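Me: Could you take a close look at one part of this chain and set it in its surroundings? Please give the cut-offs behind each term as you go.

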Amino acid sequence: MASLQAITFDLDDTLWDNQGVMLKTEEGHYRWLIEALAAWRKARHEAPLTLSYEQGLADYLERRQAWAKQVPERRGDFTWLRLRALEAQLEAQGLTRSCALLWAAAAMNEFHRLRVQVTPHPEAAGLLSALSERYQLAAITNGNIHLKRQPLAAYFPVAIAAGELLAPKPDPKPFLTALERLNVVPHRAMHVGDSWQEDVLPAQRLGMHAVWIAAQGDQALPTRIHRIAHVKELPELIDWLERRS
Ligand SMILES: [Mg+2]
């Protein structure tokens, strides 16, 4: 292996478990919207919304899916999809356009507040800090977590939201964008992520080394691909690869 200069990281389910936070965020920001809007309308002596929390949440999801089909280049831009869906739902409830825009934006502010409450794996900060002394680091995510407010933001001078580039992984564009900003060629870089389709294959195809985080998987892996069960095993793998080169 040519010696490494840079390591790029997927975030969700690589540096923290995402499922619990995503569920809390999904339900929490929508419940906040329904309750805050109900209180606001009541204070203004306006009729309550006809929408219940459960119906509303299901309708919100359907509207996001419809927008993703209608504007396919935005399918990975989850903040955009959520805003459009909330605006349309609130307008359908009789809110004026400007009110719908304001309340949708406020709900997304609450979304982002909840979304960054991820708990990184306990080893993550120490591991990134040690790696950052030897390698340039970048984050590449398909998710819409706020990249400057997420708890490990300080370790990633370069952070790419692939959905906002309109090129979610496995598109090579977010990888190439990160490498260009780091000024590193693909074969001197490694990508670390949990998704075979979205992290491992596109990185390997570009000529990067790829580390697949998966509790179980094939032992016989294609060239330049390595599997570890947990990100905490990464330093040992890198030492081993560097010793071999
Ligand atoms: Mg992931």
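Reply: The protein chain is assigned two domains: domain 1 covers 6–17 + 119–244, and domain 2 covers 19–115. These bounds come from an automatic or database domain assignment. The model is predicted, so local features need pLDDT of at least 70 and side-chain atom pairs count only at pLDDT 80 or more, while totals for chains, interfaces and linings use all residues. Residues are numbered from 1 along each chain as its sequence is written.

Taken over C-alpha atoms, the centres of domain 1 and domain 2 are 32 Å apart. Between them, 10 residues of domain 1 are in contact with 10 residues of domain 2; contact requires that the C-beta atoms of two residues, placed from the backbone, lie within 7 Å. The side of domain 1 that touches domain 2 has four nonpolar, four polar and two charged residues. Here Ala, Val, Leu, Ile, Met, Phe, Trp, Tyr, Cys and Pro are nonpolar, Asp, Glu, Lys and Arg are charged, and the others, Gly among them, are polar.

The protein chain has eight helices and six strands. Both are DSSP runs numbered from the N terminus: helices are H or I with at least four residues, strands are E with at least two.

H3 takes in residues 78–92, and its 15 residues should span 21 Å at 1.5 Å a residue; the end C-alpha atoms are 21 Å apart, so the two agree. The expected span is 1.5 Å times one less than the number of residues. Which residues of H3 are buried? They are Phe 78, Trp 80, Leu 81, Arg 82, Arg 84, Ala 85, Leu 86, Glu 87, Gln 89 and Leu 90. A buried residue has 20 or more other C-beta atoms within 10 Å of its own, an exposed one 12 or fewer, and a partly exposed one falls in between, with C-beta atoms placed from the backbone. Over the whole protein chain of 245 residues, 35% count as buried. The cover over the buried residues of H3 includes helix H2 (53–70) and helix H4 (97–115). Just after H3 comes Gly 94, with a positive phi of about 100°.

H4 also packs against helix H1, residues 19–43: their axes come within 9 Å and cross at roughly 145°. Axes are lines fitted to C-alpha atoms, for helices over the stretch in contact, and angles run from 0 to 180 degrees between N-to-C directions. The crossing of H1 and H4 is right-handed. That label applies if the near helix is turned clockwise from the far one by less than a right angle, and left-handed applies if anticlockwise. On the H1 side, the residues that meet H4 include Trp 32 and Leu 33; on the H4 side, they include Trp 103 and Phe 111. The residues of this contact divide into eight nonpolar, three polar and three charged.

Asp 13 has phi near 65°, a positive value in a residue other than glycine. Most residues other than glycine have a negative phi. Asp 13 is partly exposed, because 17 other C-beta atoms lie within 10 Å.
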